Amino acid sequence: MKPLFTCEKVSYTKKDQGAKMNLSKIFKNGFLVILACLALTACATKKVSKSQMQGDVYTGTDTVEYLASGVPDRVFFATNESVLTTASRETLRKQAAWLRKNSDITIVLEGHADERGTREYNLALGERRANAAKDYLMTYGISSDRISVLSYGKERPVDSGSNPLAWSKNRRSVTVKAN
Amino acid sequence: MRHIILFLILILPSQSLALIEVDITRGNLNPLPIAVSPLSIDEESRKNFKKILKKENIGSEISIIVENNLRTSGLFNPLNKDAFLQKPDIANLKPRFEDWNLIKAQALITGKVNYIDENLRVEFRLWDVLAGKEMMALAFTTVPTNWRRVGHIITDKVYERLTGEKGYFDTRIIYVAEEGPKTKRIKKLAIMDQDGFNNKFLTLGNELVLTPRFNPTSQMVTYLSYFRNLPRVYLLDIETGMQEVVGDFPGMTYAPRFSPDGKKIIMSFAKDGKSDIYTMDLENRIVERITNHPSIDTSPSYSPDGKYICFNSDRSGYQQIYIMDSDGKNVKRISFGRGLYGTPVWSPRGDLIAFTKLHKGKFYIGVMRTDGSGERLLTENYYQEAPSWSPNGRVLIFYRETKTDKKGEGFSAKLWSIDLTGYNERLVKTETDASDPSWSALLSN
């Protein structure tokens, strides 16, 4: 997109020879330091119904769906973490058992992050979380050929809320049947 | 620069120095009063342009573009046209400076528009009202449909003449247009002029697209697409619409940017829970691994000379900013403040790195020197990230998301800009919700 432009100096008036701004002076002056905005409070310390979270890991069942009777489809993570909790490992063992019984099924592990991070880092974090689930399934005998990993970062929250409980539901790895 | 000025004074002792200059290095609380006289147009030309462009008076339309650009910069205060005492036909004469002085204008832009051989010819002059002198006189000829760009180019010339630095008005923004509920956002690539006009969607919204970035000539864009549910780095030619995948590795490729010479794309490749930085040569498709660490290494951005790369890594346990040589050697952490740091972007001037910072539940856009010293936070908000530099390194554009209410409603994402000084924060108007802005280079010089 470089359309034809011609530019000419219009010269029938005397040109001014005046001074431009003195660059060296600018750099000496340095930059005016801005006042960082004050007042941060609240927000991070909002009260959350404790029954649904342990630490900041979601332990409720609002958003959970089931791959089969008694086999939850998702596991949850703490902020910025990809470590599997005891409850997550139990869920994944149930998934592994179900997958061993249904050996024709292949799955996608969809990793997600909450909205409180930069987009690109969250893509990586979602990938890391899904891989944590994948590694665990593999130690329970599920072949990596049957598992693919897909990170959505912060792009596909299940809960659109802007509060710690909503964020905890969104930090997740979801096992989805692929066939 | 000082030497040149002294020299001029010596050889031209009778020439007085121009009085007006604008300092863009500090927050400008007294923007320069400037009068933008509507460009004069002869009746014949006016009719011709009305037929082609469906604009009643293209002369005033172009002057409005200039006026809006100057106002948006925060450095100028375009005066109300109702107060002007001289008619636009002064384009052919010397202005009556005392009339412009009376309304407190310090600078004046005059000019005229002609229809010549099916082309648009715009001539303009910049005057120093106090000194009673012409500072600049130029004419542009182009196809009529380029009329908005003429307005932007005039602004760039005026800005450069008065501040001593290149402008950023004849530029475009590529971004992600968003719509729909937060849980099922539909995202499309979109491009628009820097002032929000000439908006165009480049993808249909069938698949998720993220993080578009221009190449140095602003003709190509690299971005992340979830086409067929395979998140990969793509390349798009804006003019032809041709798309191709460039990061087709067995895993996710993301966070792409061009090298300053436009020959390579640098990006992250995620596999087995770790992300490393790679480059791909666009000519021979040779892939080079730049980092090799079990952590997440992402958001790479080259220094303008191509010798260094800044990037984001959590190898210390948390997201921080690092720099390294372009071959991956000499990795050095540069962010040490409290909080998490992400999205480092090297300034086109080379001296600063802009970033997003997350601290105590708030998001900041800030800048630091390339050794990590001199951190300054420019703006604080509930959620904002992804700064992109104007080509002259004076303004940052980024996006902001709002908090939802108790029902999880009221979400929006918008583009904002702020001067490097921390002043002049502005909403950048877009037709839809918007995120992930990337600023083009100057389209003309």
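The largest nonpolar core has 83 residues, and Ile353(B), Ala354(B) and Leu396(B) have the most contacts inside it. The model is predicted. Chain A averages a pLDDT of 82, and 75% of its residues score at least 70. In chain A, residues 12-48 have a pLDDT below 50; beyond near neighbours in sequence, this stretch has 58 contacts in the model.

**Nonpolar cores**

- Leaving aside residues up to four places away in sequence, Ala354(B) touches Val345(B), Ser347(B), Ile365(B), Val367(B), Pro387(B), Trp389(B) and Leu396(B).
- Another core, of 41 residues, lies apart from the largest one; Ile24(B), Ile62(B), Ile65(B) and Leu126(B) are among its members.
- In soluble globular proteins, nonpolar side chains tend to be buried together.

**Chain A: overall build**

- Chain A contains four helices and nine strands.
- Read from the N terminus, the order of elements in chain A is β-α-β-β-β-β-β-α-β-α-β-α-β.
- Chain A has 179 residues, of which 40% count as buried.
- Taking the contacts in chain A between residues at least 6 apart in sequence, 70% join residues at least 24 apart.

**Chain A: four-stranded sheet**

- Four strands of chain A form an open sheet in the order 6-9-7-8, with mixed pairing.
- Strand 6 (74-76) and strand 8 (147-153) of chain A are the edge strands, and each pairs on one side only.
- From one strand to the next in this sheet, the twist averages 20°.
- Strand 6 of chain A runs antiparallel to strand 9 (residues 172-177) of chain A, and three bridges join the two.
- Within that pairing, Phe76(A) has Arg172(A) in strand 9 of chain A as its bridge partner.
- Helix 3 (residues 119-139) of chain A lies across strand 6, strand 7 (107-112), strand 8 and strand 9 of chain A, and runs at about 150° to strand 8 of chain A.

**Chain B: four-stranded sheet**

- An open sheet in chain B has four strands in the order 10-11-12-13, with antiparallel pairing.
- Strand 10 (209-214) and strand 13 (243-245) of chain B stand at the edges with a single partner strand each, so one side of each is left without a neighbour in the sheet.
- Direction ignored, neighbouring strands of this sheet are turned by 25° against each other on average.
- Strand 11 (residues 220-225) and strand 12 (residues 232-237) of chain B run antiparallel and are joined by six bridges.
- Opposite Met220(B) stands Asp237(B), in strand 12 of chain B.

- Four bridges connect strand 18 of chain B with strand 19 (residues 308-313) of chain B, and the two run antiparallel.
- Asp297(B) has Ser313(B), in strand 19 of chain B, as its bridge partner.
- The hairpin of strand 18 and strand 19 of chain B has five residues between the strands, and Gly306(B) in this hairpin takes a positive phi near 75°.

**Chain B: the loop with Phe336(B)**

- Phe336(B) sits in the loop between strand 21 (332-333) and strand 22 (340-346) of chain B.
- Phe336(B) has 13 other C-beta atoms within 10 Å and is partly exposed.
- From C-alpha to C-alpha, Phe336(B) and Gly262(B) are 31 Å apart in space, and they are 74 residues apart in sequence.

Conventions
Residues are numbered from 1 along each chain as its sequence is written. Chains are lettered from A and ligands numbered from 1 in the order in which they are written. This is a predicted model: local features need pLDDT of at least 70, side-chain atom pairs count only at pLDDT 80 or more; totals for chains, interfaces and linings use all residues. A nonpolar core is a set of buried Ala, Val, Leu, Ile, Met, Phe, Trp, Tyr and Cys residues joined through C-beta atoms within 7 Å. A residue is buried if 20 or more other C-beta atoms lie within 10 Å of its own, exposed if 12 or fewer, and partly exposed in between; C-beta atoms are placed from the backbone. Two residues are in contact if their C-beta atoms, placed from the backbone, lie within 7 Å. Two strands pair if DSSP finds at least two bridges between them. Axes are lines fitted to C-alpha atoms, for helices over the stretch in contact, and angles run from 0 to 180 degrees between N-to-C directions. pLDDT is the predictor's confidence in each residue, from 0 to 100.
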